[in-house]
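Biologist: I am new to this structure. Please walk me through how to read its features.

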Amino acid sequence: MDTKAGHPEFYKLLERMAEIHSIKNRDYNPSDDPLANFKICESMGIPAWKGCLVRMSDKFSRLCSFAKKEKYEVKDESIEDTLMDLAIYSLLCIILYRERLK
């Protein structure tokens, strides 16, 4: 029995998020640590979760610009790509924040 009560498309998007995370992780992380690219800012004294927030703010800024202009100028990234990245970064930020508490 399927106990999912939300919109079916929501669950499809979650699956797509996992795919994107895996694909990008292969490009960004040659090491065993899947969050190494986020943790690199720690060498400059910036906690990884805060570095992730900076990346999120870049995505959010792009979205705000789109909302004002109603024109998306980035050629290699769609509005949906940006929103998906923001959602993925949100989950990664939770992981990074939790890790600092250990």
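Biologist: Which residues does Trp49 touch, leaving aside its neighbours within four places in sequence?

Modeller: Contact means heavy atoms within 4.5 Å. By that rule Trp49 is in contact with Cys93, Leu96, Tyr97 and Arg100. Keep in mind that this is a predicted model: local features need pLDDT of at least 70, side-chain atom pairs count only at pLDDT 80 or more, and totals for chains, interfaces and linings use all residues. Residues are numbered from 1 along each chain as its sequence is written, and side-chain values use heavy atoms, with hydrogens and water left out.

Biologist: Where does Trp49 sit?

Modeller: Helices are DSSP runs (H or I, at least four residues), numbered from the N terminus. Trp49 belongs to helix α3, residues 48-69.

Biologist: How many aromatic pairs does a search of the whole structure find?

Modeller: Rings of Phe, Tyr and Trp (its six-membered ring) pair if their centres lie within 6.5 Å; planes under 30 degrees apart count as stacked, over 60 as edge-to-face and the rest as tilted. The search finds four pairs. One of them is Phe10 with Tyr11, edge-to-face, at 5.5 Å centre to centre and 85° between the planes. Trp49 and Tyr97 also pair edge-to-face, with 5.0 Å between centres and 85° between planes. Trp49 is in helix α3 and Tyr97 in helix α4, so this pair ties together parts 48 residues apart in sequence.

Biologist: Is Thr82 buried or exposed?

Modeller: Buried means under 20% relative accessible area, exposed over 50%, partly exposed in between (1.4 Å probe, protein chains only). Thr82 has 0%, so Thr82 is buried. Thr82 lies in helix α4, residues 79-100.

Definitions and conventions: Helices (H or I, at least four residues) and strands (E, at least two) are DSSP runs, numbered from the N terminus.
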